[in-house]
Number of protein chains: 2
Amino acid sequence: MLKVSRKFEYGLHAVVFLARKEPQAVVTVKEMSQDIGFSQEFLAKAMQNLKRAGIAVSVQGVNGGYRLARSPDDITVSDIGRAIEGEPHLMRCSAESGKCEIAETCTHRSYMFTLERRIDSLLAGTTVTSLLVSR
Amino acid sequence: MLKVSRKFEYGLHAVVFLARKEPQAVVTVKEMSQDIGFSQEFLAKAMQNLKRAGIAVSVQGVNGGYRLARSPDDITVSDIGRAIEGEPHLMRCSAESGKCEIAETCTHRSYMFTLERRIDSLLAGTTVTSLLVSR
DNA sequence: ACAAACAAGACAAATTTAAACCTATTTATC
DNA sequence: GATAAATAGGTTTAAATTTGTCTTGTTTGT
């Protein structure tokens, strides 16, 4: 219940990894995947998602790699989730009306949507910086 | 991102359906699936989960069916989620240490666990009764 | 006895996720 | 300019999960 994908885990680890480096340090996918122990190719896909979402910036060519596009203070778990898994949609009807057979007569949708927003608010309130301090 | 399974949706609908009936009314899976428009066989599986979790009570034989085991006030979205999809585990390492390659050296697990608990608290704070009032 | 209904395991189909493969492009260095 | 390191991204394969169906059994009111 409520679990995130492995790709999300990879991406989150990578962002935390980059956040621990000097602000503008460029790190290769190879280095990250070796340090973390994940599939290099698959982590590369996650990094591409993060790049397209404006969370990471890529540097091509030799000595290339990735760095964070902005301060860890300004990147949230919600941002990473949206970048890799798309918008939060607790129920199918939230993703697209018509996806649920009884959307018209359903009386509890609106409350579930509220719940969805509250969950996302929790994720949006968790910055990468807050993940850096070990507790 | 963050989506629940179809089985969960079916189960949630069924619980809300039962909650709208008189307290001890027994309803068949057939009636519920026809009213709601879901696969009868599959909804039956969801009902079995709800029964095992002590959320619904089954009545066998002719005129049998299901009724809620307790007041809608005392059934939460978290209960239904646990009954159908199991415990909430945002990350693999929360489900079982050793499921993640870097659990030992991972510094942000604990914070993610906190986040997991907070999300579950939101679900646990949403009773079926609160889903009944249309807004 | 019969029919309606739940119980539950086994199976099959469909979908999603994870991973691998391959080709192209970019760019620093020699 | 050639080369090698790296990202870009599409295609395909493999694995896992979800969804749905089928079948058999049990319970119980009529």
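Sugar or phosphate supplies 67% of the atoms of DNA strand C that lie within 4 Å of the protein, and bases supply the rest. The model is predicted. Around DNA strand C there are 27 residues. The closest are A:Arg6 and A:Gln60 from chain A, with B:Lys45, B:Gln60 and B:Tyr66 from chain B. By residue class, the surface near DNA strand C holds 7 nonpolar, 12 polar and 8 charged residues.

| Residue | Part of the residue | Distance to a phosphate oxygen |
|---|---|---|
| B:Val29 | backbone N or O atom | 3.1 Å |
| B:Arg52 | side-chain N or O atom | 3.4 Å |
| B:Ser58 | side-chain N or O atom | 2.8 Å |

Two or more residues each come to this surface from helix H1 (6-20) and helix H3 (40-52) of chain A, and from helix H3 (40-52), strand E1 (56-59) and strand E2 (65-68) of chain B. The greatest share comes from H3(B), which gives 4 residues.

Chain A itself has 7 helices and 2 strands. Read from the N terminus, its elements follow the order α-α-α-β-β-α-α-α-α. Along the principal axes, the C-alpha atoms of chain A fill a box of roughly 60 × 30 × 25 Å. Chain A has 135 residues, and 50% of them count as buried. Among the contacts in chain A with a separation of 6 or more, 59% join residues 24 or more positions apart.

Note on methods: Residues are numbered from 1 along each chain as its sequence is written. Chains are lettered from A and ligands numbered from 1 in the order in which they are written. This is a predicted model: local features need pLDDT of at least 70, side-chain atom pairs count only at pLDDT 80 or more; totals for chains, interfaces and linings use all residues. Side-chain values use heavy atoms; hydrogens and water are left out. A residue is near a molecule or strand if one of its heavy atoms lies within 4 Å of it. A polar contact is a pair of N or O atoms within 3.5 Å; within protein, one must be able to donate a hydrogen and the other to accept it, and residues adjacent in sequence count only if both atoms are side-chain atoms. Ala, Val, Leu, Ile, Met, Phe, Trp, Tyr, Cys and Pro count as nonpolar, Asp, Glu, Lys and Arg as charged, and the others, Gly among them, as polar. Buried means under 20% relative accessible area, exposed over 50%, partly exposed in between (1.4 Å probe, protein chains only). Contact means heavy atoms within 4.5 Å.
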